[in-house]
Amino acid sequence: MLKGAGVSPGISIGKVFLLDRRKIKVEKFTLSAQMVEKEISRFREALDKSRKQLMQVKKKLVHDLGDKGHARIVDVHILILEDEALINEAIKIVREERVNAEWALRKVLSRFAKIFDEIEDPYMKERRSDIEHVGQLILRNLVGEKMKRFDKFEEDVIIIAHDLSPADTAQMHKERVIGFATDLGARTSHTAITARALEIPAVVGLENICSFVKTGDPIIIDGTDGVVVVKPTPEEFREYLEKQRRFKYVIQELLKHSDQPAETLDGYKIEITANIEFIDEIPHVLSRGAEGIGLYRTEFFYMDTPNLPTEEDHFRIYKRLAGQVSPHPATIRTLDLGGDKIQSKLHVADEPNPVLGLRAIRFSLKHTDLFRLQLRAILRASAYGKLRIMYPMISGIEELQQANLILAEVKDDMASEGVYYDEDIPVGVMIEIPSASLTADLLAKEADFFSIGTNDLIQYSIAIDRGNEHVAYLYEPLHPALLRLIKFTIEAGHNEGIPVGMCGEMAGDPLSSLILLGLGLDEFSMNPAGIPAIKQIIRSVRLEQATELAYKAMSFSTAKDVEAFAYKEMSAKFPEFF
Ligand code: PEP
Ligand code: MG
């Protein structure tokens with residue numbers, strides 16, 4: 001039994017298909033002077049072929065999913081493939097060193113990898129793997145190795161691989177791939193995002209699953225708990241068949257009621273909204289019962305366009321968002337991006353510690369031209385529905401004031417130009433840095449709402465890298481320190497009469513849901529798959545039960561004790577979710 005990160009929920013039981021994606025062995029050849037140009041055209045042909053293959057995958061993804069957002073992930077790969085720096089550098093090596101194209105490309109890829117290795121941001125580390133995927137694709141075409149296709153399976157399979165590219169994942173749809181597990185990967189990887197969109201159970205970050213299995217081995221993937229069982233015993237088979245049956249039944253039952261409001265038995269109403277990365281996800285999240293969008297992560301939009309988006313590009317997207325979500329509200333989070341080396345148009349300085357560096361609102365306040373452009377587009381779109389603006393990574397009142405000052409200037413400009421916008425557009429602050437939480441009483445005086453970002457709040461308050469598997473055991477949402485920060489934030493917000501929501505992953509976790517309700521959280525924004533269960537839990541209790549639970553949870557001194565208590569209470573009340 002192996003433990004990894006469950007990135008797409010559900011249980012699959014089946015047989016292994018071991019995908020050999022080991023790196024291609026590259027040998028070095030010296031070329032004669034006459035062969036150099038021929039080698040370069042061979043390289044260009046391989047690039048061309050790779051490009052066509054990626055276009056094919058993209059077309060298939062759009063066709064199967066009807067979803068341009070996730071297909072744009074493949075655009076990132078196409079962009080890398082067309083990157084002049086990469087191509088020219090490889091050609092230069094072929095010319096100057098008179099070596100074969102494979103060798104030259106490998107050399108360039110190693111240089112890129114080295115640069116990315118020095119970046120600590122887990123999100124950026126994933127971009128290193130994007131470059132590696134593209135490099136492997138070109139190498140395969142150079143050595144003439146066929147891309148393995150996923151649509152030729154005679155029976156259902158569970159793919160096990162060292163790593164999968166989003167393009168690999170995209171091909172799985174509607175074929176006979178019922179689950180997958182990989183050695184590498186994290187929640188923020190594009191592969192994980194695609195898996196969730198396709199609703200294929202998946203576990204990543206298993207480190208060495210490839211060395212434990214061979215094709216044909218029976219295997220179980222539990223994408224809900226992040227567990228993989230290799231060669232299960234008859235007992236384990238039965239156990240997981242039952243868990244799978246329960247999972248399917250629960251989902252079916254939950255979906256029947258997911259459009260009902262999240263209201264406690266005594267009539268206390270909570271807002272349940274969804275987190276999205278792409279606006280193509282809206283129909284799906286609404287079908288899961290979301291009553292609006294609590295977090296639209298706009299940095300994905302920046303990442304997946306070849307050029308820096310214009311005000312018009314932003315406006316079009318936000319207008320669609322406003323219209324499609326209406327009459328519900330949609331919260332647009334302004335850019336939360338650090339040093340993205342792929343999107344070279346948004347050039348950011350190298351930083352030794354990007355997670356503590358010039359990211360999110362700090363970046364926006366430094367690059368005010370980009371910030372103004374985004375704010376203008378949001379304001380223009382606010383004429384077409386209920387939009388809210390949210391600032392990421394606010395560390396204290398000064399940043400909020402600076403951001404609000406710019407917003408006021410943008411509004412003034414627009415008013416004098418006669419451009420219509422919602423003058424009362426709510427402006428919120430993400431509480432995801434301890435200093436923001438501890439000054440929430442001050443921030444609340446100048447904000448219209450709070451949204452607690454536990455993904456980062458946990459990282460910064462317990463001092464653990466949210467993407468580092470070696471300290472993952474310390475990533476404890478129910479840590480007493482976290483509960484205190486959350487409680488303080490909610491009280492500070494309520495004292496000033498503003499609503500307090502949460503858009504970190506914790507908001508979608510059934511285990512913490514009633515504690516959060518009891519602490520007074522007003523809005524839960526989450527991964528759409530979690531919505532039906534959280535609604536169901538909230539509908540099954542009286543508010544005082546939740547308050548009592550929260551009160552007790554606050555009395556323990558360790559995260560383990562809080563967790564054990566929450567598990568005991570919740571699994572007794574809601575066995576179907578545990
Ligand atoms: C968070 O930090 O909790 C959050 C929701 O933002 P992100 O995961 O995009 O950093
Ligand atoms: Mg965050």
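# Questions about a predicted model

Biologist: Which residues does Tyr 296 touch, not counting residues up to four places away in sequence?
Modeller: Contact means that heavy atoms lie within 4.5 Å. With residues up to four places away in sequence left out, Tyr 296 touches Ile 276, Glu 277, Phe 278, Ile 279, Phe 301, Ile 317, Tyr 318, Leu 321, Thr 331, Ile 332 and Arg 333.

Biologist: Before we go on, what pLDDT do local features need in this model?
Modeller: Residues are numbered from 1 along each chain as its sequence is written, chains are lettered from A and ligands numbered from 1 in the order in which they are written, and side-chain values use heavy atoms, without hydrogens and water. This is a predicted model: totals for chains, interfaces and linings use all residues, side-chain atom pairs count only at pLDDT 80 or more, and local features need pLDDT of at least 70.

Biologist: Is Tyr 296 buried or exposed?
Modeller: Tyr 296 sits in strand E11; helices (H or I, at least four residues) and strands (E, at least two) are DSSP runs, numbered from the N terminus. Buried means under 20% relative accessible area and exposed over 50%, with partly exposed in between (1.4 Å probe, protein chains only). Because its relative accessibility is 2%, Tyr 296 counts as buried.

Biologist: How much of the chain is buried?
Modeller: The chain holds 22 helices and 17 strands. Of the contacts with a separation of 6 or more, 70% join residues 24 or more positions apart. Among the 578 residues, the buried share is 55%.

Biologist: Which residues coordinate the magnesium ion?
Modeller: Donors are N, O and S atoms within 2.8 Å of the metal (3.2 Å for Na, K and Ca), and water is not among the atoms, so sites may look incomplete. At 2.0 to 2.2 Å, the magnesium ion (ligand 2) is coordinated by Glu 432 (OE) and Asp 456 (OD).

Biologist: And how many residues apart in sequence are the parts that this pair ties together?
Modeller: Both residues count as buried, Glu 432 because of its 2% relative accessibility and Asp 456 because of its 4%. Glu 432 is in the loop between strand E14 (427-431) and helix H15 (434-438), while Asp 456 belongs to helix H17 (residues 454-462), so the parts tied together are apart in sequence by 24 residues.

Biologist: How much of ligand 1's accessible area does the protein cover?
Modeller: Residues near ligand 1 (a heavy atom within 4 Å) include Glu 432, Asn 455 and Asp 456. A polar contact is a pair of N or O atoms within 3.5 Å; within protein, one must be able to donate a hydrogen and the other to accept it, and residues adjacent in sequence count only if both atoms are side-chain atoms. Oxygen atoms of ligand 1 lie 2.9 Å from a side-chain N or O atom of Glu 432, 2.8 Å from a polar backbone atom of Asn 455 and 3.0 Å from a side-chain N or O atom of Asp 456. Of the 290 Å² of accessible area that ligand 1 has on its own (Shrake-Rupley method, 1.4 Å probe; for residues, only the protein chains shown count as cover), the protein covers 95%.

Biologist: Which element gives the most residues to the shell around ligand 1?
Modeller: Two elements give two or more residues to that shell, strand E11 (293-297) and H17. With three residues, the one that gives the most is H17.

Biologist: Why do the buried residues of helix H21 lie on the same side?
Modeller: The buried residues of H21 (residues 543-553) are Ala 546, Leu 549, Ala 550 and Ala 553. The arc is that of the directions from the helix axis to the C-beta atoms. These residues are on the same side of H21 because the arc they cover around the axis is only 100 degrees.

Biologist: Which exposed residues are on the face of H21 turned away from the buried side?
Modeller: The buried residues pack against helix H18 (480-495), helix H19 (510-519) and helix H22 (559-573). The face turned away from them carries the exposed residues Glu 544 and Tyr 551.

Biologist: Which residue forms a cis peptide bond with Ser 326?
Modeller: Most residues other than glycine have a negative phi, and most peptide bonds are trans. Here the bond is cis, with omega about 10 degrees, and the partner of Ser 326 is Pro 327.
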